[in-house]
Amino acid sequence: MICNLEYYRTFFMTANFLSFTKAADQLCLTQPAVSQSVKNWKLNWVVICLPDPPTGWS
């Protein structure tokens, strides 16, 4: 799965400002859109970075 560059950009701005609201203002987005982008970035990051668990794990 390819991680969208906009998700990364939004995550970076949020981490830089330590605020969803300030990041949203800077990116000209709404705060819920920033929250959703960060959520999507995190989901993509986990898929890319974490290997599948061994079989038998539940």
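My entries on the helix, its faces and its side-chain contacts follow.

**Ground rules.** I am working from a predicted model, where local features need pLDDT of at least 70, side-chain atom pairs count only at pLDDT 80 or more, and totals for chains, interfaces and linings use all residues. Numbering runs from 1 along each chain as its sequence is written, and side-chain values use heavy atoms, with hydrogens and water left out.

**Helix α1.** I took helices as DSSP runs of H or I, at least four residues, numbered from the N terminus. Helix α1 covers residues 5-17, and its end C-alpha atoms lie 18 Å apart, which agrees with the 18 Å that 13 residues should span at 1.5 Å a residue. The expected span is 1.5 Å times one less than the number of residues.

**Faces.** I called residues buried under 20% relative accessible area, exposed over 50%, and partly exposed in between (1.4 Å probe, protein chains only). Thr10, Met13 and Thr14 of α1 are buried. Seen down the axis, the buried residues fall within an arc of 100°, so they line one face of α1; the arc is that of the directions from the helix axis to the C-beta atoms. Leu5 and Asn16 are exposed on the face turned away from the buried side.

**Salt bridge.** I searched the whole structure and found 1 salt bridge (a side-chain nitrogen of Lys or Arg within 4 Å of a carboxyl oxygen of Asp or Glu). Glutamate 6 and arginine 9 meet in a salt bridge at 3.4 Å, N to O. They sit 3 residues apart in α1, about one helical turn. Glutamate 6 is partly exposed at 45%, and arginine 9 is partly exposed at 43%.

Key. Helix = DSSP H or I, 4+ residues; strand = E, 2+ residues; numbered from the N terminus.
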